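Hello,

Here is the structure you asked about. My notes on it follow below.

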2 protein chains.
Amino acid sequence: MDRYLIVSTDGHAGLPMAGYRDYLDAKYHKAFDEDLPIQIRKTRKAEESFLISEFNDKWRAGITDGLTGAWDGAVRNRVIDGDGVAAEVLFPDGITEMNAPPFGAGLGLKPWGIEPELQWAGARAHNRWIAEFCREEPLRRIGLAIVLMLYDVDEALAEVKWAHANGLKGILIPALMGDKDAYNDPKYYPIWAFCEEHQMVIHTHSGPSPDYNFSLPGAVGVYLTEFAWWASRPLWHLIFGGVFEQFPKLKFVITEVSEFWIPHMLEMMDVRASVKHTSGKLGDFRTNLTMTPSEYFKRNCWVGASALFDEGSMAVRHDIGIENIMWGTDYPHPEGSWPKTKEKLLNVMSGIPERELSLILGSNALECYNLDSKALLPIAERIGPLKSDFT
Amino acid sequence: MDRYLIVSTDGHAGLPMAGYRDYLDAKYHKAFDEDLPIQIRKTRKAEESFLISEFNDKWRAGITDGLTGAWDGAVRNRVIDGDGVAAEVLFPDGITEMNAPPFGAGLGLKPWGIEPELQWAGARAHNRWIAEFCREEPLRRIGLAIVLMLYDVDEALAEVKWAHANGLKGILIPALMGDKDAYNDPKYYPIWAFCEEHQMVIHTHSGPSPDYNFSLPGAVGVYLTEFAWWASRPLWHLIFGGVFEQFPKLKFVITEVSEFWIPHMLEMMDVRASVKHTSGKLGDFRTNLTMTPSEYFKRNCWVGASALFDEGSMAVRHDIGIENIMWGTDYPHPEGSWPKTKEKLLNVMSGIPERELSLILGSNALECYNLDSKALLPIAERIGPLKSDFT
């Protein structure tokens with residue numbers, strides 16, 4: 001084939017807030033109706049103090065019609081065709097601010113501050129909708145279920161099973177653990193076991209953080225310095241907890257955390273796991289591991305590389321592992337590459353060997369999500385960017 | 001001079017727990033008497049599950065008499081003479097476990113879980129004692145006061161003033177901020193202003209972390225992966241908060257966080273502070289800064305490099321900044337270089353140019369703490385390691 005098959009591993013989809021009502025169990029309608037205006041007000045307030053309207057408004061001028069692809073399948077197909085994207089992994093929070101699932105169950109979800117029952121209701125509403133949305137295009141839409149791992153394990157496991165039975169291919173778990181049992185707790189093994197057996201890919205995605213006071217000077221700088229760490233924190237709980245040792249085929253993806261620091265993170269874990277006089281007093285915590293942390297990473301983990309992908313990312317691609325990076329457009333978030341994905345790809349990736357580009361742009365994702373590459377090829381042949389443009 | 005003048009910037013001193021009673025205000029004696037057996041029990045328990053007795057016991061065989069230098073001045077002088085150390089910066093927690101100030105006011109202090117009034121009482125007891133301990137050897141002992149910044153600012157400022165009036169040369173602040181106002185809050189300006197004016201050096205030290213469940217597999221690995229981040233977190237609050245912009249001569253030291261990752265931390269801040277399409281939606285948070293984060297670091301910050309100092313540290317010394325690294329022995333902690341500092345220095349530092357070694361081993365600290373180098377020279381001439389041994 002003379003074109004690249006692109007799978008974007010960072011897409012977002014979600015209904016306009018009010019639309020989630022129809023996907024909620026009826027008994028939560030009252031709570032939803034009360035909460036909706038509060039959520040809308042909160043979002044507006046966040047826009048004032050944090051998400052800058054001016055930037056967003058300017059950026060949106062001219063592409064407004066593309067934004068509705070967050071929930072409108074026909075628009076979505078048109079935009080991703082134009083972007084050369086054959087298939088997409090779909091996280092919640094369609095247009096960042098205005099398409100989050102109800103009751104705080106979206107990207108920024110925290111296992112505190114809201115009744116677990118309500119947060120579950122919101123997560124299930126989104127999961128029902130995204131399953132429906134993916135059924136329209138089962139080949140091109142790779143849906144993820146929001147699974148609130150940190151409350152009741154049986155309830156979480158039931159939702160993972162529901163997601164699998166309904167065609168979803170992975171789960172988004174809370175990155176923040178708060179005071180809940182951390183991910184190195186063996187109580188979560190039944191969930192990892194099911195995900196391993198049924199190739200359900202586990203994800204965290206950047207966004208969630210503790211509650212900073214954004215009225216303080218520099219708080220955004222602090223957030224930007226820390227967000228990748230918060231999103232990636234479950235990773236080293238799983239690695240040191242021996243989860244990938246117990247479940248050697250389990251798949252874990254951290255998305256939109258920027259790439260330049262991944263080698264730093266791997267070095268940190270490897271240094272700390274190496275035998276040192278200085279940690280001797282803490283005892284041997286490595287008895288449950290047969291490999292180094294970075295070896296588990298290379299075997300079990302991927303980076304969903306999207307909005308923050310740049311020349312710096314390409315420079316460290318071999319340190320991360322060519323087979324551990326999956327490209328994404330972040331559509332329809334404002335910081336993503338769409339609707340100019342091809343131009344942006346050319347800027348960053350010109351001159352990269354074809355074999356490497358094939359892996360980063362598509363083949364790694366085909367493998368990770370166990371996709372039907374044969375069926376996707378004709379789509380890529382129609383819309384994918386020409387390989388010759390990158391040489 | 002044909003010998004190096006060594007200033008160890010990571011020493012620990014503290015009374016055996018019971019000894020702090022005499023330095024507490026009488027009204028806290030009852031609480032102290034009730035708390036002491038609980039603290040001792042907790043420490044024993046920590047030794048079982050976390051700090052491994054076997055390791056500590058083996059390590060202590062043969063050097064037991066040196067340990068009492070945590071509070072015994074004559075022993076301390078003998079040990080540091082033998083180690084070639086002319087002067088020392090003194091943090092709390094003498095022998096890690098059994099010499100912490102009362103009421104959780106030691107290295108691992110958290111701004112939660114204990115009455116601020118009690119924690120303050122414990123901090124003041126240590127501050128009184130360390131001031132007394134330093135008065136015995138005002139030239140060689142550089143004492144730090146424990147200052148509980150995150151409660152009442154006026155109370156904290158009063159303690160900083162007391163510390164300065166009583167000969168202490170810096171303060172140790174809580175690294176963990178919990179739900180208290182973060183260090184980028186301008187409400188702390190009066191403290192930074194006093195510290196800048198009176199050359200009181202501000203410190204964090206590794207150790208504190210949120211409460212992990214150490215009975216879970218891999219929890220120690222998680223702790224080791226995260227401890228340096230927790231200890232360093234105030235740094236980027238101060239940098240992005242514009243504190244070093246407002247107080248250009250303020251001095252901040254992060255101690256025992258290991259060196260290899262400092263360049264990574266600086267890169268993280270610089271990347272996040274650089275203008276990017278991807279953070280545009282968050283608005284401009286850099287209006288309070290005139291330099292890059294790493295430039296503030298080079299001007300205002302130092303790394304207290306001690307137990308974790310190794311070949312990897314030396315490899316990145318120019319990336320950190322030769323003038324920003326200060327060596328330390330961690331005496332009398334088990335992971336430190338004592339009582340074989342000279343051998344360990346030779347292992348790691350042989351072949352390093354004399355100018356660089358002079359800075360790392362002593363001159364940077366002379367400058368940072370504004371020490372009397374003339375008076376320290378005769379001591380170094382008597383006990384310091386020969387420069388010729390390092391060539």
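Leaving aside neighbours within four places in sequence, Ala105(B) is in contact with Gln119(B), Gly122(B), Ala123(B), His126(B) and Ile146(B). Contact here means that the C-beta atoms of two residues, placed from the backbone, lie within 7 Å. Ala105(B) and Gln119(B) are 14 residues apart in sequence, yet 5.5 Å apart in space, C-alpha to C-alpha. Ala105(B) sits in the loop between strand E2 (87-91) and helix H5 (116-136) of chain B. It counts as buried because it has 26 C-beta neighbours inside 10 Å. The cut-offs are these: buried means 20 or more other C-beta atoms within 10 Å of a residue's own, exposed means 12 or fewer, and partly exposed is in between, with C-beta atoms placed from the backbone.

Please note that this is a predicted model: local features need pLDDT of at least 70, side-chain atom pairs count only at pLDDT 80 or more, and totals for chains, interfaces and linings use all residues. Residues are numbered from 1 along each chain as its sequence is written, while chains are lettered from A and ligands numbered from 1 in the order in which they are written.

Next, the sheet of chain B. Eight strands form an open sheet in the order E1-E2-E3-E4-E5-E6-E7-E8, with parallel pairing. The edge strands of chain B are E1 (7-12) and E8 (325-327), each pairing on one side only. On average, neighbouring strands of this sheet are turned by 30° against each other, direction ignored. Helix H8(B) packs on the sheet and touches E5, E6 and E7 (301-305) of chain B. The direction of H8(B) makes about 155° with that of E6(B). Axes are lines fitted to C-alpha atoms, for helices over the stretch in contact, and angles run from 0 to 180 degrees between N-to-C directions. Helices (H or I, at least four residues) and strands (E, at least two) are DSSP runs, numbered from the N terminus. Strands pair if DSSP finds at least two bridges between them. E5 (residues 201-205) and E6 (residues 252-255) of chain B run parallel, joined by four bridges. Thr204(B) stands opposite Ile254(B) in E6(B).

Now the strands of chain A. E5 (residues 201-205) pairs with E6(A) in the parallel sense over four bridges. His203(A) has Val253(A) as its bridge partner in E6(A). Val253(A) also stands opposite Trp302(A) in E7(A). In E6(A), Phe252(A) and Ile254(A) point one way, Val253(A) and Thr255(A) the other, and all are buried. Four bridges join E6(A) to E7(A), in parallel. Thr255(A) faces Gly304(A) there. E7(A) is mostly covered, with five of its five residues buried. Three bridges link E7(A) to E8 (residues 325-327) of chain A, again parallel. Ala305(A) stands opposite Trp327(A) in E8(A).

Last, helix H10 (residues 262-273) of chain A. Which residues of H10(A) are buried? They are Ile262(A), Met265(A), Leu266(A), Met268(A), Met269(A), Arg272(A) and Ala273(A). They cover an arc of only 155° around the axis, which puts them on the same side of H10(A). The arc is that of the directions from the helix axis to the C-beta atoms. What covers them includes H8 (219-240), H11 (293-300), E7 (301-305) and H13 (317-320) of chain A, together with H8 (219-240) of chain B.

Best wishes
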